[in-house]
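Subject: Structure for you to look at

Dear colleague,

I am passing on the structure we spoke of, and below it I have set out what was found, one region at a time. Please keep the structure open while you read, so that you can follow each part on screen.

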Amino acid sequence: MIASSPEAGPGALVVRWGLRLRALAGRHPAAVDSAFALVVLLFGVPHLFREPPKQPLLGWALQISLLVPLIWRRRTPFTAFSVVAALAFAQWLGGVLLSTGDVAVLIALYSVAAHSTLRRLLVAAGIVELGVALATVQWAPPGHLQKVFVLLSGMTTAAAVIGLNMRTRRAYLASVEDRAARLEKERDQQAQIVAAEERARIARDVHDIVTHSLSVMVALTDGAAYALPVAPERAAEAVSKSSEIGRQAIAEMQRVLDVLRQDAPPSAGLRRPQPGLGQLDALLTEVRAAGLPVEFVVTGQPPAMASGAELTIYRLVQEALTNVRKHTPPGTGARVRLEYTAAHVEVEITDDGRPAAGVPAGRRTGHGIAGMRERVAVYGGRLRAGPLPDGGWRVHARFEPSQLRSTR
């Protein structure tokens, strides 16, 4: 039950009502301050009846007049204080003692401390201290001047200190809220950056999968068309291999695009791991079957690396060989070299072909090289791609083994 909960105790109710009043004061400061001034006036009414001033009419007028400026104590704190101080001086000149009305002076001083500048607070505190001296001289009982002066000065100091503390607390809360807002904005920006990086990664994967698979399928289909009249068995084998590659491409596309399907349950095909170093042999088999002879050289033992790093090397080889098939004439040969040492990991793909018709010498168009460079940069590597002096093309990437263990 709510009544038995610790959160429903008197302390919690006080805190809850305090928060509600604070929120109401923030929305309607004039209305709340008007109600506050009225409450102070009502508390002073019984005292005026018990100990009426010598000049009742003047006393009642000053009692009300001292509290009216408190309505504007937050919007114009120093102006409200100046009016209250002037009325208090008029009260001193008239010789009318209004102890409850003089509380307005302390409230006005508190408001200056809480809502105005330090310079104005010093001025207001000096004025109040002067008023304390005048009131002590005029109304303090004989022999108690020092005690009364110390008491009233202490009350003045307390009002100023409480106001300063409230202003400091309010500034601290404002800074906390501002920092929270900035952190929220930074989180949103970071989320946008992550989303953009994820979209770029998906675009690179889609580009690699589509270009590689389609180029192999086209090569196999063309080979089947040429072999069909003379070697139907080889043509059927090429068509079967093309179909297999197409199904693999569909499965890879489903796995890549799964991140875009927030509500789609993962299927068995989507649970397959991303390709890595262990799938390079299968990739080279596909490339050779498509008519591109590839030499594969591995030096050293691969270090421990993250699955994403293995995928980067796999996609690098895949995209480079795809570019060889796309941009060079038949008869071109390629070479893939992986070198693992304690100081570096190198990936090199070279070919000996000249550019195909329509491709400018020394340059291969498309987004493949840019995508490779982005993949390599994720793991702190450097990529170089360009023509070889004796013809052909070279793609070279170099990594530090420590950076391949996790993304930066």
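In this predicted model, helices α5 and α6 pack against each other at an angle of about 165°, with their axes 9 Å apart, and that angle makes α5 roughly antiparallel to α6. The residues that make the contact are Val105, Leu109, Val112 and Ala113 on the α5 side, and Arg120, Leu121, Ala124, Ala125 and Val128 on the α6 side. The crossing of these two helices is left-handed.

Between α5 (103–115) and α6 (118–139) there is a loop, and Ser116 has its place there. Is Ser116 buried or exposed? Its relative accessibility is 10%, and because buried means under 20%, Ser116 counts as buried. If neighbours within four places in sequence are left aside, Ser116 is in contact with Pro77, Ser111 and Arg167.

Taking the whole protein chain next, you will find eleven helices and five strands, and buried residues make up 35% of its 408 residues. Of the contacts in the chain with a separation of 6 or more, 70% are between residues 24 or more positions apart.

The five strands form an open sheet in the order β1-β2-β3-β5-β4, with mixed pairing. β1 (294–299) and β4 (382–387) stand at the edges, where each has a single partner strand, and therefore one side of each is left without a neighbour in the sheet. From one strand to the next, the twist averages 10°. β4 pairs with β5 in the antiparallel sense over six bridges, and Arg384 has His396 in β5 as its bridge partner. Two helices can also be described by how they pack on this sheet: α9 touches β1 and β2, and its direction makes about 160° with that of β1, while α10 touches β1, β2, β3, β4 and β5, and its direction makes about 10° with that of β3.

Strand β3 (residues 345–351) deserves a careful look, since seven of its seven residues are buried, so the strand is largely enclosed by the rest of the structure. In a regular strand the side chains alternate between the two faces of the sheet. Here Val345, Val347, Ile349 and Asp351 point one way from β3, whereas Glu346, Glu348 and Thr350 point the other way, and all of them are buried. On one side, β3 is joined by seven bridges to the antiparallel strand β2 (residues 334–340), with which β3 forms a hairpin that has four residues between the strands. Seven bridges also join β3 to β5 (residues 393–399), again running antiparallel. Val347 takes part in both pairings, as Leu338 stands opposite Val347 and Ala397 is the bridge partner of Val347 in β5.

With best wishes

Conventions:
Residues numbered from 1 in each chain as written. Predicted model: local features only at pLDDT ≥ 70, side-chain atom pairs only at ≥ 80, totals over all residues. Heavy atoms only, no water. Buried < 20%, exposed > 50% of the residue type's maximum accessible area, 1.4 Å probe, protein only. Contact = heavy atoms within 4.5 Å. Pairing = 2+ DSSP bridges. Axes fitted to C-alpha atoms, helices over the stretch in contact; angles between N-to-C directions. Parallel < 35°, antiparallel > 145°, perpendicular 65-115°, else oblique. Left-handed = near helix turned anticlockwise from the far one by under 90°.
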